[in-house]
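Please look first at how the two chains meet, and then at the build of one of them. The report below follows that order.

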Amino acid sequence: MDDLDRRIINTLQGGFPVSERPFLDVARTLDIGERDLIDRIENLLETGVLSRFGPMYHAERLGGGLTLAALSAPAARFEEVAALVNAHAEVAHNYKRDHDLNMWFVLATERPSDIERVLAEISSETSLVVHDMRKLEEFFVGLRFEA
Amino acid sequence: MSEDTPIDAMDRRLIQATQAGLQLVQRPYHQLASELGIPAEEVMHRLRRMLETGIIRRIGVVPNHYTLGYRANGMSVWDVPDEDISAIGRRVGALDFVSHAYHRPRHLPMWPYNLFAMVHGRTRAEVEDKVAAIADLIGSADRGHSILYSTRILKKTGLRIVG
């Protein structure tokens, strides 16, 4: 990754235009060619520096359900519990964290009412208490990383 | 999807066609238009409208923060008075090193924290410096905080919003 890649990443985190030739519009602000920009983005996606390029949708505004949940998996059962949680297609991310509540996962469902059902299933399958940490208010979702 | 969903059938097709990403061609919206059988102007109009209503948060790139060297991923959690949380949350969320900030419920007695702020750094020391800056900002309303580092990714698939 060189300086131009960094400039491209930092610029495109802020927003990509909706226009006839959006790559050309961005390329001009970076003072490079349209083809160069497209090739660079393609390369950054292929090498895994970028995990995505496109519209970021807001799940709840589309009518879906989304929550963060946490549980305390006993060390001896950690792998078993992780497998039971991950087996649910609605579990989008799952992280091990260094706390008594050591497993934190994000659930995305097509309907908001499915959240409670899936959490109840996980609780019953694992025999563990699942804490629903659903958001009450969102202050900022910037997702910006200085490259 | 629920019946009161703010999108119509064509929006839904547009979301399906773009949730894996935009194509890397000179005219990506024209490409989508020919796939969907509608004019490019309509594709752009629908995308602009979904940006305005917040259905699309933004169009752009998502870097893999691990690849960029941000290997310390700290979820800072705070116990602040409920009556002050909106004002505090907005100030914490406005910090440029906080990627997400949310008010979430406490689960007493084991979980007294009601404000979550994700802080990423190249090292844990960098995350701790940033968390100290948040503590300074919150001041005496900080009744206790903790940092939970992610120590392993157990699952990571993209959110598939429309099946």
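## Contact between the chains

In this predicted model, Lys96(A) stands opposite Arg152(B), a residue of strand E5(B).

The contact as a whole draws 62 residues from chain A and 65 residues from chain B. On the side of chain B that touches chain A, two or more residues come from each of several elements, among them the helices H1 (9-18), H2 (28-36), H3 (40-52) and H4 (85-93) and the strands E1 (56-63), E3 (98-103) and E5 (145-156) of chain B. E5(B) gives the most to this side, namely nine residues. The classes of residue on the side of chain B that touches chain A are as follows.

| Class, side of chain B that touches chain A | Number |
|---|---|
| Nonpolar | 33 residues |
| Polar | 23 residues |

## Chain A

Chain A holds five helices and six strands, and these elements follow one another from the N terminus in the order α-α-α-β-β-α-β-β-α-β-β. Its radius of gyration is 20 Å, whereas a compact globule of 147 residues would have a value near 15 Å. Taken along the principal axes, the C-alpha atoms of chain A fill a box of roughly 60 × 35 × 25 Å.

Of the 147 residues of chain A, 32% count as buried. Among the contacts in chain A with a separation of 6 or more, 53% are between residues 24 or more positions apart.

Note on methods: Residues numbered from 1 in each chain as written. Chains lettered and ligands numbered in written order. Predicted model: local features only at pLDDT ≥ 70, side-chain atom pairs only at ≥ 80, totals over all residues. Contact = placed C-beta atoms within 7 Å. Helix = DSSP H or I, 4+ residues; strand = E, 2+ residues; numbered from the N terminus. Nonpolar A, V, L, I, M, F, W, Y, C, P; charged D, E, K, R; others polar. Pairing = 2+ DSSP bridges. Rg over C-alpha atoms; globule rule 2.2 N^0.38 Å. Buried ≥ 20, exposed ≤ 12 C-beta atoms within 10 Å, placed from the backbone.
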